[in-house]
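Open your viewer and get ready to select residues by number. This tour goes stop by stop.

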Amino acid sequence: MAFGLSALFELLIIPLILSFSRRKGLYDHPDGRKIHKSNIPRLGGISFFPTMTLAAFVVIMTHNQEFGEGDKISMSTWSLTFLLSVIIVYSVGIVDDIAGLGAKSKFTGQAIAALLMPLSGLYINNLYGFMGIGDIPFLVGMPLTVLVIVFACNAINLIDGIDGLSGGLSFIALAGFLVCFMNDGLSSYCMLIAGLMGVLVAFLYFNIWGRPEKHTKIFMGDSGSLTLGFILGFLFVKYVMVTDDVSYYHPNAMITAFTLVIVPMFDLVRVALARLRHHTHLFRADKNHIHHKLMRAGLTQHQALCTILAFAVLFIVLNTVLFRHLGVTWIVVIDVVLWTALNFLLNKSLQQKGQPAFQVI
């Protein structure tokens with residue numbers, strides 16, 4: 001019901017946002033880094049958080065008596081802090097979409113929002129055997145938690161370069177987390193996740209199949225991508241944290257959470273390393289994300305989208321199989337080797353086509 005309501009609400013809201021953006025001239029203008037060739041409204045993401053929350057609220061209020069005793073529906077300190085934190089990130093995104101913000105200002109807002117989570121008691125306290133490490137203290141888990149959440153924010157934000165990519169990767173990750181939290185009987189989280197998935201389905205319809213000339217195409221903007229990234233980072237931390245009451249120890253929790261966000265995170269790391277190698281500023285925009293390289297290799301925008309989404313699904317299948325035989329450390333090593341080999345082959349293909357492996361705007 002949360003999925004259906006949020007999808008319906010989003011289908012009704014997006015046309016209103018499109019009309020508002022046209023009246024106010026709030027467009028994402030084409031430039032040397034971007035793929036699109038015409039002005040596209042960029043405020044689609046302002047509907048994500050309100051729509052998701054409204055749908056979940058309606059379901060909880062109308063069906064509260066129908067949940068069994070095993071379903072845990074509560075508003076803990078974590079939940080309230082999460083709402084405050086996501087509002088901060090969401091607000092930063094809106095300001096950036098409308099007025100523009102520098103990278104340092106956006107990073108500061110993300111860091112403050114992320115820091116509130118461990119201060120409320122939600123933090124990564126176990127590495128599940130990665131590098132032989134199990135339980136970790138708060139003084140280690142707190143900065144690690146902030147790093148993971150901020151990293152997820154920027155990974156989803158920076159990979160949002162072609163139609164459907166950020167939304168599609170987020171949808172796959174959310175579907176995985178939905179299964180995880182359903183297995184733990186955490187209904188309130190499941191409704192929020194399902195609501196956000198419904199929002200993305202409706203948004204992706206306008207984002208992928210919308211036509212600029214008919215004024216039906218829209219981008220999510222930073223208000224959408226930063227919100228998605230923060231929520232995925234929060235779900236990552238929530239699932240891997242071990243407590244005695246609601247966050248159970250699952251041997252595969254760390255590798256599952258890691259795998260669900262592996263493609264945007266690996267892409268961000270690769271781009272950052274490439275910028276350092278070529279002595280360019282870490283926050284300077286370029287055309288070296290995985291979708292840029294695939295398109296320089298000859299794929300269309302939709303072909304690049306399908307290819308990257310297939311990578312995400314393949315990593316999920318691969319790591320699920322590998323976990324039956326290997327530990328977390330070796331799985332991460334294998335993933336890194338495969339991603340490196342993939343990009344090495346892609347660079348070779350670009351060189352053969354006379355295309356640069358690293359392109360500066």
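A salt bridge is a side-chain nitrogen of Lys or Arg within 4 Å of a carboxyl oxygen of Asp or Glu. By this rule the count comes to five. Before you start: this is a predicted model, where local features need pLDDT of at least 70, side-chain atom pairs count only at pLDDT 80 or more, and totals for chains, interfaces and linings use all residues. Residues are numbered from 1 along each chain as its sequence is written, and side-chain values use heavy atoms, with hydrogens and water left out.

**Stop 1: K217 and D163**

Select K217 and D163. They form a salt bridge, with the closest N and O atoms 2.6 Å apart. K217 sits in the loop between α7 (187-209) and α8, and D163 in the loop between α5 and α6 (165-183), so the pair ties together parts that are 54 residues apart in sequence. Helices are DSSP runs of H or I with at least four residues, numbered from the N terminus. Are K217 and D163 buried or exposed? Both are buried. Buried means under 20% relative accessible area, exposed means over 50%, and partly exposed is in between (1.4 Å probe, protein chains only).

**Stop 2: D222 and K106**

Now pick D222 and K106. Their side chains meet in a salt bridge at 3.0 Å, N to O. This pair links distant parts of the chain: D222 is in helix α8, K106 is in helix α4, and 116 residues separate them. D222 and K106 are buried. D96, K106 and D222 are linked in a network of salt bridges.

**Stop 3: N157**

N157 counts as buried because its relative accessibility is 12%. What does N157 contact, leaving aside its neighbours within four places in sequence? The partners are D222, S225 and L226. Contact here means heavy atoms within 4.5 Å.

**Stop 4: helix α8**

Select residues 221-240. This is helix α8, with 20 residues. From first C-alpha to last, α8 reaches 29 Å, close to the 28 Å expected at 1.5 Å a residue. The expected span is 1.5 Å times one less than the number of residues. In α8, 20 of the 20 residues are buried, so the helix is largely enclosed by the rest of the structure.

**Stop 5: the nonpolar core**

A nonpolar core is a set of buried Ala, Val, Leu, Ile, Met, Phe, Trp, Tyr and Cys residues joined through side-chain atoms within 4.5 Å. The largest one has 96 residues. Which of them touch the most other members? They are I124, F177, F181, F230, F236 and V263. Zoom in on F177. Not counting residues up to four places away in sequence, F177 touches I193, L232, L235, F236, Y239, A257 and L260. A second, separate core has eight residues, including A2, A55, A56 and V59.

**Stop 6: R270 and D267**

Select R270 and D267. Their side chains meet in a salt bridge at 3.0 Å, N to O. The two are three residues apart in helix α10 (residues 262-277), so about one helical turn separates them. R270 is buried, with a relative accessible area of 14%. D267 is buried too, at 1%.

**Stop 7: out to the surface**

Finish with L119, in helix α4. L119 counts as exposed because its relative accessibility is 57%.
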